[in-house]
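Here is a short briefing on one protein chain.

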Amino acid sequence: MSKSKILLGLLLISLLGISNLKGEEVFPQGDSRYATKDAKIVAALPSGSKVFINSAENLSGKIYIVADSIGRATIDYKKTLKTPRESEAIRYAELINVVMEKIPEGIRLLLQAPNPAPWSGTENAGSIEAELHLPADCRIEINAIYFDIVIEGPFKSAGNRSSFGRLEVGKISEYLSLTTNNQDIIARDISGSEATQCRNVTMA
């Protein structure tokens with residue numbers, strides 16, 4: 001084989017390798033924003049299980065949690081990136097991960113990003129928009145400080161550590177403990193002897 005053919009072969013291999021390294025695909029949304037394709041994670045989960053949701057502090061977004069599933073947890077989500085450059089949006093998307101772990105009590109949902117993130121301290125942002133479908137009567141614990149959360153039961157309990165986002169919750173049968181720093185909490189169809197331990201609550 002001639003030297004020119006060998007060099008051509010090496011060049012093709014190199015180019016193929018580069019094309020396979022292409023980052024996560026993002027789509028322009030206007031106003032210096034991009035979004036990834038919708039993704040889905042599914043895990044078996046019986047009714048009445050515990051669900052822990054933990055987010056990195058440099059992530060924000062929206063999570064809608066609804067009790068309309070039987071025997072499993074399903075999260076449908078997309079990553080949204082605020083930056084004027086597509087290449088930077090791709091890099092941000094690759095740094096954000098959504099993981100659903102099975103644990104003895106139920107599941108743990110992890111919304112992950114590096115600390116510090118490359119958008120920290122800038123006008124840019126990395127965020128997640130998600131719908132989490134769960135069986136009825138689960139117990140939900142949330143640590144996602146910059147997320148807007150909407151919870152539509154019936155669930156047995158819901159609680160969070162702290163929040164700068166909007167909180168709306170309905171159909172909690174036993175225990176509700178929510179705290180927000182600068183937003184009102186909208187709560188409806190709350191029952192049970194330990195139903196409300198909240199600040200800034202508006203009962204709808």
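The chain's secondary structure comes to two helices and 14 strands. Helices (H or I, at least four residues) and strands (E, at least two) are DSSP runs, numbered from the N terminus. The model is predicted: local features need pLDDT of at least 70, side-chain atom pairs count only at pLDDT 80 or more, and totals for chains, interfaces and linings use all residues. Residues are numbered from 1 along each chain as its sequence is written, and side-chain values use heavy atoms, with hydrogens and water left out.

**Whole chain**
- Of the 204 residues in the chain, 41% are buried (under 20% relative accessible area; exposed is over 50%, partly exposed in between; 1.4 Å probe, protein chains only).
- Take contacts (heavy atoms within 4.5 Å) between residues at least 6 apart in sequence: 55% join residues at least 24 apart.

**Strand 9**
- Strand 9 is largely enclosed by the rest of the structure, because seven of its 10 residues are buried.
- Strand 5 (residues 60-67) pairs with strand 9 in the parallel sense, over eight bridges (pairing needs at least two DSSP bridges between two strands).
- Y64 has E131 of strand 9 as its bridge partner.
- Strand 6 (residues 72-82) runs antiparallel to strand 9, and nine bridges join them.
- K82 stands opposite A125 in strand 9.

**N124**
- N124 lies in the loop between strand 8 (106-112) and strand 9 (125-134).
- N124 has a relative accessible area of 18%, so it counts as buried.
- Its side chain makes a polar contact of 3.4 Å with the side chain of E88 (a pair of N or O atoms within 3.5 Å; within protein, one must be able to donate a hydrogen and the other to accept it, and residues adjacent in sequence count only if both atoms are side-chain atoms).
- Not counting residues up to four places away in sequence, N124 touches K82, T83, P84, E88, Y92 and W119.

**Nonpolar core**
- The largest nonpolar core has 49 residues, of which I65, L134 and I151 touch the most other members (a core is a set of buried Ala, Val, Leu, Ile, Met, Phe, Trp, Tyr and Cys residues joined through side-chain atoms within 4.5 Å).
- Strand 11 (residues 147-160) gives this core its largest share, five residues.
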